[in-house]
Protein chains: 2
Amino acid sequence: MLSERGQLLFKLLVERYIADGEPVGSRTLARDSRLELSPATIRNVMADLEDLGLIRSPHTSAGRVPTAQGYRLFVDTMMTVREPTAIDIERINADIATETDVSVLLARTSNMLSEVTKLASVVMVPRPDHQSLRQVEFLPLSDNRVLAILVVNEREVQNRIIHTARSYGPSELEQAANYLNQAFAGKEIDQVREGLLREMANTRAEMDRMMQTAIEMAEKTFVSNRTGDEFVVTGHTNLMAIDELSNIEKLRQVFEAFNQRRDILHLLDQAIGANGVQIFIGEESGYEVLSDYSVVTSTYGTGGRNLGVLGVIGPTRMAYSRVVPLVDLTARMLGAALKSLI
Amino acid sequence: MLSERGQLLFKLLVERYIADGEPVGSRTLARDSRLELSPATIRNVMADLEDLGLIRSPHTSAGRVPTAQGYRLFVDTMMTVREPTAIDIERINADIATETDVSVLLARTSNMLSEVTKLASVVMVPRPDHQSLRQVEFLPLSDNRVLAILVVNEREVQNRIIHTARSYGPSELEQAANYLNQAFAGKEIDQVREGLLREMANTRAEMDRMMQTAIEMAEKTFVSNRTGDEFVVTGHTNLMAIDELSNIEKLRQVFEAFNQRRDILHLLDQAIGANGVQIFIGEESGYEVLSDYSVVTSTYGTGGRNLGVLGVIGPTRMAYSRVVPLVDLTARMLGAALKSLI
DNA sequence: CTTTGCACTCTCAAGGGTAGAGTGCTAGAT
DNA sequence: ATCTAGCACTCTACCCTTGAGAGTGCAAAG
């Protein structure tokens, strides 16, 4: 179905096109291939490749460029990855290994990745799949409002302002907090609410004022706040410098997609399922806006657990052989860095 | 120095150019002006305006466009502001008046402003000029680290992780927190540290273990964190749709400026000095990247105090008469909204 | 002071011509 | 059976020209 020679020439063509960005003609390919074949022979092979849907001509006399399907074959079976240079590794290490604040770390990783690849980079912020309560605290504010401070997952602080039916005094709130801390510390936050409601049913009759306070507070505090996932984008301005993407309207749509967040998140969600590097070429991502773009993602995590996804977005003819190992390496180093922090 | 007629025609020219984006010729202006003057006469006047540096021709046969100096004169002395439409007011109100979370409010304001003006919008996040401590809490973490939670300015929660020389137990930390809360609640955070150091000097001899703990905690917790100011940018993709800015490299530089934040912050800092709406035309902003852009800002605040700056960035030929009142209105409504929240 | 008339300049879009690149096909060479 | 050479053909990109249109500045007349 695809001869040895066909494969070789196809690979060369893709590499050449990625390097130059110009459609590749038979003469060029003949020269490159060192096969001592005439351009005419090459043309026959190229005609076959075109029949297979791997390459196409932008117009009659303009060499060939890979199709999305062609890129797919290339990255799947014939790409020779170029290991990151020592300089790149050093760079990645310097930015990732030293940072100790998680959210700064993620931002910095994204930044580093977009600078090293010269593409737009996305790092998804991990959504903790469990939130165990460590401590809760209430402070009265004016106008029947209470500030609730939760410490969750050992070190993460959340706070929210809750509106209450009546005003509560400091000591009432303190008692309620004490009770909740004692009864529910270490429990999953989702379970706290349930637990309380059960408690309430059991002790309905003799419920004292303190318990009532605790229950009102908890009801309003422990509402689920599965905040929609977040992600960090950096280096999207790099895309403006890439000449074949200078279709400004198209570019604008992609930028809008970053802003809208919905599509990008959905795309990243797809990627979090699989382990390791994944490549979406052109419309494989499922989004029309990305038709001229490819997305290279990798999951990152500590130990066996996937925490999130990171990746880059660039033109379909990005240098996969360089980008893929960079994304992979970054993901692994980020995972390692997080391991020591979480 | 500038005749009545000169002024009239100049104003017409600017308005026309802002509306169309095409250089304005003498014939067009003659028709517009309803002055019953021939184009030739108009030409003479235009020659004068050109001598004054208010307008210029892009090339020999292409009508005239306002210079930066021209825009300056226009906005200073002859612009007739168009009051925001009821729809705009409604829109602004809907987005601003209902939000109760400050940071969401600012983001939403920026978003609304860029949508209403179709330009890029910036809202600077106010830096509180005082931070009074309400309460502090310590939680032990692993590896000689302690999580400090501060409640500041009545309702704002900050937290930081501090590394300590030895490990502390929960009760030690609780005592230290109790002491600090009792001694320093309501005080300026900057003063807490000083106060503690003084205290330490006084009681050097008989300092007990609890006090030592309190002091170590406080030293590490109350380091100044005048976090550099922040701002929110939205709608910068709007700029891509404006045809005269389709010089992609230039646009890229402006986007980079948003990312780098330094220049934009400095620009906003300039604006926070003055009260009310300010207009920076072209390079008046002091930044070369913004040479084809104008910036319209306004300070916002509650009562007499300026809390921050917001504004829009767009092409020099933006519709000032519409944008200026919108920025002004937004700033005042944001100020009002904040008043009820702070 | 204003207008008319006119020559001039410049841009923009359309048209035509050419060079170059690359193709597909066929017929002959290996 | 496979490869090559030759060739006619197609298409783009670039350059040049050309003409229309817009707008100008100037001089002379109203």
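Helices (H or I, at least four residues) and strands (E, at least two) are DSSP runs, numbered from the N terminus. The legends below concern a predicted model, in which local features need pLDDT of at least 70, side-chain atom pairs count only at pLDDT 80 or more, and totals for chains, interfaces and linings use all residues. Residues are numbered from 1 along each chain as its sequence is written, and chains are lettered from A and ligands numbered from 1 in the order in which they are written.

**View 1. The surface near DNA strand D.** α3 of chain A, together with α2 (26–33) and α3 of chain B, each supply at least two residues of this surface. The largest share, four residues, comes from α3(B). A residue is near a strand if its C-beta atom, placed from the backbone, lies within 6 Å of it. Around DNA strand D there are 23 residues, of which T41(A), T60(A), G25(B), S26(B) and S61(B) come nearest. The surface near DNA strand D has seven nonpolar, 12 polar and four charged residues. In this division Ala, Val, Leu, Ile, Met, Phe, Trp, Tyr, Cys and Pro count as nonpolar, Asp, Glu, Lys and Arg as charged, and the others, Gly among them, as polar.

**View 2. The surface near DNA strand C.** DNA strand C is surrounded by 23 residues, the closest being G25(A), S26(A), S61(A), A40(B) and T60(B). Two or more residues of this surface are given by each of α2 (26–33) and α3 (39–51) of chain A and α3 (39–51) of chain B. The largest share belongs to α3(A), with four residues. By class, the surface near DNA strand C comprises seven nonpolar, 12 polar and four charged residues.

**View 3. The interface between chains A and B.** In this view, 22 residues of chain B are in contact with 22 residues of chain A, two residues being in contact if their C-beta atoms, placed from the backbone, lie within 7 Å. On the side of chain B that touches chain A, the elements giving two or more residues are β4 (133–140), β5 (145–152), β6 (156–163) and α10 (248–260) of chain B. The largest share of that side, six residues, comes from α10(B). Its residues divide into 12 nonpolar, five polar and five charged. Because 100% of the interface residues of chain B are also interface residues in chain A, the copies meet through the same surface.

**View 4. The rotation axis relating the two copies.** Chain B is superposed on chain A by a rotation of 180° with 0.2 Å of shift along its axis (RMSD 0.2 Å). The two copies are therefore related as by a two-fold rotation axis. The superposition is by least squares on the C-alpha atoms of residues with pLDDT of at least 70 in both copies. Of the residues of chain B, I248(B) comes closest to the axis, with its C-alpha at 4.0 Å.

**View 5. Nonpolar cores and the contacts of L310(A).** A nonpolar core is a set of buried Ala, Val, Leu, Ile, Met, Phe, Trp, Tyr and Cys residues joined through C-beta atoms within 7 Å. A residue is buried if 20 or more other C-beta atoms lie within 10 Å of its own, exposed if 12 or fewer, and partly exposed in between, with C-beta atoms placed from the backbone. Of the 128 residues in the largest core, L310(A) and L310(B) touch the most other members. Leaving aside neighbours within four places in sequence, the contacts of L310(A) include L113(A), V122(A), M124(A), Y300(A) and L334(A). A second, separate core of 46 residues includes L139(A), A176(A), I189(A) and F222(A).

View 6. L239(A) lies in the loop between β7 (230–234) and α10 (248–260) of chain A, and counts as buried, with 22 C-beta neighbours inside 10 Å. L239(A) and V81(A) are 158 residues apart in sequence and 23 Å apart in space, C-alpha to C-alpha. K118(A) is found in the loop between α6 (102–117) and β3 (120–125) of chain A. Although K118(A) is not a glycine, its phi is positive, at about 60°. K118(A) is partly exposed, with 18 other C-beta atoms within 10 Å. In chain B, K118(B) lies in the loop between α6 (102–117) and β3 (120–125), and its phi is near 60°, a positive value in a residue other than glycine.
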